[in-house]
Amino acid sequence: MSNRNGARLSHSKSFPMLRPLLPLLAWALQSFVMPVAQAETVLESIRASGLLRVAIRDDSVPFGFRDGPANQWTGICVDFIEALQTEVSATLGGQPLLVKFYQSSLFNRFNLVAEKVVVVECGPNTIRRDLQLPITFSQPFFVTGTQFLVATDRLGEFDSDGNLRGERIGVLGGTSNSEFLAARYPEAELINFQGFTARRLGVEALMQGRIDAFASDGILLFGEALVLDLPLGRSYRLYPSYPLDCQGYGLILPADQPEWEDLVNRVVTSPNSRDIYRRWLGPLFPALERVEQHCQARQNPSSIKEPTGDENPSKKEP
């Protein structure tokens, strides 16, 4: 190196403060050209650990609840996770897998997936696109919607086509049901129930006459009626016959995991999944299939068929 007069500058005596910085500069330049290591995928993590980490609710009959002397998890979601375990094992070349269950709730279900505690959460989760979290949903595995549980002797006074002014309607706070009811029936008195046993408390409040109706997804009202041995179809009815809105339930999955999402969707859409629902829902299955068909038809209003007495799902015994 030379100056403007042609005199050569000594490397050993010029800019000595740069010497300690040279290794750092070399590392910085190298970091620009080295490829960034790819994050481990869900399937790679399962292969490495041999563990399938899942979350299930225990307050949502018939999807997830506890039963038996051992108070063990059971329900549609447990059977579905077994089917998922089989599919994952086959995808990994027959590798044996253990399943670890975590308890989810209305309050932590999204974060369990977003924070990578589990790789799938199964429960009555309405598919939403407005959550600012690194999660996504599977294809719909069940379709239902908002209905009211009402005492039979009040059906003549309770008009869901009206404004429900002054009616005391119980609902789970923070759910899509409460958002829907607040928008559709601003003159109704919505009473929010909170906590892990909120749905049961709401139905019990209806039985005690403290509210006029309790609103939730129809399938979950069926489930709670089973738990409480409620004489559904005689003393109490689901109203109206078909849901006021239609909501698809999806499994909660990590975002940006297309291979895992495709695998889960294969299980969701498999004939085995329909068999699981049929086993659990028994005589209710045809009525709930009609609800699904009705919701599908709402995308084409001209094809909606009004329910007849024989097709009225709310007349079916749980």
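**Cavities, a helix and the chain as a whole**

Analyst: In this predicted model, the structure holds 2 cavities of 30 Å³ or more. The largest cavity has a volume of about 180 Å³, and among its 17 lining residues R109, P124, T126, T175 and S176 are the closest to the centre. Two or more lining residues come from each of α4 (109-114), α5 (176-184) and β12 (213-217).

User: What classes of residue make up the lining of the largest cavity?

Analyst: The lining of the largest cavity has 6 nonpolar, 6 polar and 5 charged residues.

User: How do you know what span is expected for helix α3?

Analyst: The expected span is 1.5 Å times one less than the number of residues. Helix α3 (residues 76-91) has 16 residues, and the 23 Å from its first C-alpha to its last is therefore close to the expected 22 Å. Just after α3, G93 takes a positive phi of about 75°.

User: What makes a residue of α3 count as buried, and which residues are they?

Analyst: Buried means under 20% relative accessible area, and the residues of α3 that are therefore called buried are I76, C77, V78, D79, F80, I81, A83, L84, V88 and S89. In the protein chain, buried residues make up 47% of the 318 residues.

Conventions
Residues are numbered from 1 along each chain as its sequence is written. This is a predicted model: local features need pLDDT of at least 70, side-chain atom pairs count only at pLDDT 80 or more; totals for chains, interfaces and linings use all residues. Side-chain values use heavy atoms; hydrogens and water are left out. Buried means under 20% relative accessible area, exposed over 50%, partly exposed in between (1.4 Å probe, protein chains only). On a 1 Å grid over the protein atoms alone, a cavity is a set of points where a 1.4 Å probe fits but cannot get out, and a pocket is an open set with protein on both sides within 12 Å along at least five of seven lines; lining residues have an atom within 4 Å of a point. Grid points are joined across faces, edges and corners, and a volume is the space filled by probe spheres set on the points. Helices (H or I, at least four residues) and strands (E, at least two) are DSSP runs, numbered from the N terminus. Ala, Val, Leu, Ile, Met, Phe, Trp, Tyr, Cys and Pro count as nonpolar, Asp, Glu, Lys and Arg as charged, and the others, Gly among them, as polar.
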